[in-house]
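Hi,

Here is the structure I promised to pass on to you.

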Amino acid sequence: MADLQSLVDHIHYENRRDYTHVEGDVAYLDGAPLRRPFAMPKTQRIIAAVIIVIAIVIGAFFVNSTVLENLRETLQSEQNVTNNLAREASIETLPKMNELVVLGDDDIRARFQEAGYTVYDASDPEDDTSMILYKLPSDVTVEDAAAMYAKGISNLTPTQSSKLLNGSWYFSADRNGGTTMVVRYADFSTGDPARAVQNALAKEGFDPESVSDSGEDESGNTYSMGTLDADGTACTWKISALPLSDMYSVQGLPEDACYVGVRVTVQ
């Protein structure tokens with residue numbers, strides 16, 4: 001019994017900081033440790049601070065490389081489009097169709113060259129009944145234009161499409177069974193198909209009194225049509241316009257941009 005009591009006394013001594021006192025077989029816990037303030041050891045505080053700093057750095061890098069980078073790219077794209085649309089508009093160099101309709105293909109090419117236009121010739125050399133020419137903006141090379149046209153307008157970025165479309169026009173001549181010539185271009189400033197048609201009519205110099213029909217066709221195109229005399233040759237003309245978005249699916253271009261076509265046919 002003496003040895004057992006000695007063992008119990010020893011346990012009580014060793015745990016004197018954990019127990020308030022012992023009465024018989026009952027040991028009462030000391031609640032003091034629970035009332036002490038909790039404090040992280042200095043070493044652990046340093047480790048936690050390092051982890052927080054690393055997390056902040058990683059988070060900042062993620063935000064910069066994703067959210068901010070996307071925002072910067074969007075803003076830069078918008079600025080590029082604005083700059084491209086500030087250049088000379090396509091309608092400013094639009095050819096006079098009543099003058100071209102009586103000319104041969106070589107004469108038309110020579111006229112465009114004399115005007116100083118950069119032209120991409122997409123004509124089929126094996127087909128002598130048709131001709132396709134693209135008048136390019138002054139800051140677009142034939143090589144760059146050919147690559148972009150081959151890719152497709154709808155597959156270009158807003159920067160590329162605005163650079164290619166503003167200041168350019170498409171011209172075609174078809175002499176198979178008659179003569180029909182067409183010029184098409186994008187109008188970024190008019191904002192309305194009806195106004196775009198009127199602007200094109202004025203630019204071409206067609207007589208408003210010659211209009212025989214106008215309105216909106218079954219495809220939703222706004223149009224006007226009439227007749228003209230081209231150096232003694234009787235012709236009919238038609239100008240039509242529709243939203244550019246109906247022609248090309250390119251995000252980032254003005255929503256009110258129009259696509260205009262001028263067609264002249266020898267009667």
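Below is what turned up, starting with the aromatic rings and ending with a pocket.

Please keep in mind that this is a predicted model. Searching the whole structure gave 10 aromatic pairs. One of them is formed by F112 and F171: the ring centres lie 5.7 Å apart and the planes meet at 85°, which is over 60 degrees, so this pair is edge-to-face. F112 belongs to helix α5 (residues 105-114) and F171 to strand β5 (residues 169-174), so to speak two distant parts of the chain, 59 residues apart, linked by the pair. Are F112 and F171 buried or exposed? Both are buried.

Elsewhere in your viewer, look for K238, whose charged end sits over the ring of Y223, 5.0 Å from its centre.

Now to the largest pocket, which holds about 220 Å³ of space. It is lined by 13 residues, and those closest to its centre are R184, N221, S240, G261 and R263. Two or more lining residues come from each of β6 (180-187), β9 (233-243) and β10 (258-266). Which element gives the largest share of the lining? That is β10, with five residues. By type, the lining has six nonpolar, three polar and four charged residues.

Enjoy exploring!

Best wishes

How values were computed. Residues numbered from 1 in each chain as written. Predicted model: local features only at pLDDT ≥ 70, side-chain atom pairs only at ≥ 80, totals over all residues. Heavy atoms only, no water. Phe/Tyr/Trp six-rings, centres within 6.5 Å; stacked < 30°, edge-to-face > 60°. Helix = DSSP H or I, 4+ residues; strand = E, 2+ residues; numbered from the N terminus. Buried < 20%, exposed > 50% of the residue type's maximum accessible area, 1.4 Å probe, protein only. Lys NZ or Arg CZ within 6 Å of the ring centre and 35° of its normal. 1 Å grid on protein atoms, 1.4 Å probe; cavity = no way out; pocket = protein on both sides within 12 Å on 5 of 7 lines; lining within 4 Å. Points joined across faces, edges and corners; volume = space filled by probe spheres on them. Nonpolar A, V, L, I, M, F, W, Y, C, P; charged D, E, K, R; others polar.
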